[in-house]
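Me: Hey, can you walk me through this one? I'd like to go piece by piece.

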Amino acid sequence: MPQILQDLAAKLAIPGLPDWVGLIFLLLLALAALAFLLMPFSVFGVKGRLDQIEAQLEELRAELRALPLRLQDQPRPRSGGRVVEEDWVEPPVAPPRPSAAPRTTPPVPPPAAWPSENRRAEPKLDWPPRR
């Protein structure tokens with residue numbers, strides 16, 4: 001048996017490459033052919049599932065079409081017996097502010113706050129902690 005593989009490898013040898021490279025290419029080609037032949041079997045049963053999904057989708061569409069009709073037929077619930085329009089109160093109108101002339105100078109910033117002498121402004125660099 002090894003003699004047959006050696007003869008096959010010698011026949012499939014690609015000049016400039018090791019003898020086993022041709023055998024690997026043949027093996028990859030056989031694997032691709034097998035996948036191409038077995039592919040239709042992975043598709044079996046898809047049509048039935050698609051038909052079921054289509055039926056469910058049609059049921060949902062019919063339900064959505066009927067929903068606005070059902071909502072129009074039902075009386076609207078009232079909150080505590082009062083209608084919203086009767087509860088409406090106009091918001092208070094704010095008095096108009098007097099128009100002031102626009103500012104010509106920028107605002108004066110507050111004075112800078114300097115840290116006190118007993119507080120450190122930079123982080124402590126005590127790493128690693130001393131024992």
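Me: Is E58 buried, exposed or partly exposed?
Reply: E58 counts as partly exposed, because its relative accessibility is 41%. Buried means under 20% relative accessible area, exposed means over 50%, and partly exposed is in between (1.4 Å probe, protein chains only).

Me: Before I go on, what should I know about the model?
Reply: This is a predicted model, where local features need pLDDT of at least 70, side-chain atom pairs count only at pLDDT 80 or more, and totals for chains, interfaces and linings use all residues. Residues are numbered from 1 along each chain as its sequence is written, and side-chain values use heavy atoms, with hydrogens and water left out.

Me: OK, and which residue forms a salt bridge with E58?
Reply: That's R65, and the closest N and O atoms of the pair are 3.8 Å apart. A salt bridge here is a side-chain nitrogen of Lys or Arg within 4 Å of a carboxyl oxygen of Asp or Glu. R65 counts as exposed because its relative accessible area is 52%.

Me: How many salt bridges does that rule give?
Reply: Two. D51 and K47 also meet through their side chains, at 3.6 Å from N to O. Both sit in helix α3, four residues apart, which is about one turn of the helix. D51 is partly exposed at 40% relative accessibility, while K47 is exposed at 60%.

Me: How far does α3 reach?
Reply: Helix α3 covers residues 46-73, so 28 residues, and spans 41 Å from its first C-alpha to its last, close to the expected 40 Å, because the expected span is 1.5 Å times one less than the number of residues. Helices are DSSP runs (H or I, at least four residues), strands are E runs of at least two, and both are numbered from the N terminus.

Me: Where is the kink in α3?
Reply: At A66, shortly before the proline P68, with a bend of about 30 degrees. That bend is the angle between axes fitted to the seven residues ending there and the seven starting there.

Me: Where is confidence lowest, and where is it highest?
Reply: It's lowest in helix α4 (residues 84-87), with a mean of 66, and highest in α3, at 89. The score is pLDDT, the predictor's confidence in each residue, from 0 to 100. The chain averages 78.
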